[in-house]
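Q: Could you show me how to read a ligand site?

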Amino acid sequence: MELWYTEEHTENVRFSIKIKKQLYSANSPYQKIDVFDSEEFGRFFTLDGLMMVTEKDEFIYHDMIVHVPMAAKPDTKKVLVIGGGDGGTVRELTRYSSIEEIHMVEIDKMVVDVCREFLPQTALKLDDPRVSLYFEDGLKFVRSRQNEYDLIIVDSTDPFGPGEGLFTKEFYGNCFKALSEEGILVNQHESPYYQSYANAMKRAHKRIKEYFPNCRVYQAHIPTYPSGHWLFGFASKKVDPILDLDAEKWNSLGIETKYYNTELHKGSFALPNYVKEMIEYE
Ligand code: AAT
């Protein structure tokens with residue numbers, strides 16, 4: 001019998017991947033965690049039935065969520081990652097020898113444990129000596145932080161369930177406070193394509209704009225996320241992601257990437273007209 005994983009991208013659209021084997025399934029106190037193995041995408045894990053990471057396309061998401069802000073502000077020393085229990089974001093951050101400290105706040109310890117066991121490709125740098133793990137709600141964690149981080153990366157689930165608080169005004173205001181004078185906030189910013197994701201995206205963008213003077217949106221193609229067209233939010237107190245990009249400097253670091261490069265960095269901020277309209281006129 002053939003086994004297929006199916007995600008409903010809308011009420012009228014489904015996305016399926018043929019499964020070789022289901023490797024794990026359990027309910028944590030927060031969500032249902034499943035791990036599958038497939039021919040096309042390798043191993044992948046889902047939370048409450050929604051795709052989080054596949055071995056084959058995770059490089060796109062993790063390159064873009066990390067290297068864009070790092071190239072815009074190469075003197076970043078202290079980083080906060082919220083969510084990101086698979087470890088992919090931390091893995092990319094640890095490639096910068098200039099980063100001194102990484103705090104990762106993941107609400108669900110079971111995600112980290114499961115990824116350490118089944119997805120070593122993303123989890124392998126969670127034991128780097130610069131990394132401290134906190135198993136808490138990111139919304140609460142940032143409340144007490146002030147002027148502490150150069151970069152906050154919100155590597156969260158979509159705004160349903162435990163991830164909901166990470167799309168609120170309160171959260172973005174506290175991130176602003178937790179950032180240093182030249183701090184940057186990057187978040188996974190949903191998709192502009194299907195209505196329900198686009199609504200979440202517009203709402204998030206509007207809220208971030210209430211606190212941060214510079215707000216931009218950039219894009220990537222992520223085959224296993226709904227519609228494949230995914231956005232990231234770049235918000236900062238001072239740094240401009242294009243004007244402040246020192247391509248020569250980033251290239252001199254010798255960090256080898258499969259997706260990101262400094263040309264693509266600039267190009268990723270060039271948005272389709274329908275997306276520009278959504279974020280400028282909302
Ligand atoms: N690196 C890509 C993987 C993710 S997973 C997002 C993580 O955010 C999950 O492990 C989840 O447990 C964690 N999370 C959710 N809510 C909170 C919270 N309030 N505080 C801390 N961590 C939280 C991102 C996938 C993006 C999917 C896009 N469709």
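This is a predicted model: local features need pLDDT of at least 70, side-chain atom pairs count only at pLDDT 80 or more; totals for chains, interfaces and linings use all residues.

A: Residues are numbered from 1 along each chain as its sequence is written, and side-chain values use heavy atoms, with hydrogens and water left out.

Q: How many residues surround the ligand, and which are the closest?

A: A residue is near a molecule if one of its heavy atoms lies within 4 Å of it. Here 28 residues surround the ligand, and the closest are H62, D86, E106, D137 and G138.

Q: Which polar side-chain atom lies 2.7 Å from a nitrogen atom of the ligand?

A: Look for polar contacts, pairs of N or O atoms within 3.5 Å. That one belongs to H62. For D137, a side-chain N or O atom is 2.9 Å from a ligand nitrogen, and for D155 a polar side-chain atom lies 3.0 Å from a nitrogen atom of the ligand.

Key. A polar contact is a pair of N or O atoms within 3.5 Å; within protein, one must be able to donate a hydrogen and the other to accept it, and residues adjacent in sequence count only if both atoms are side-chain atoms.
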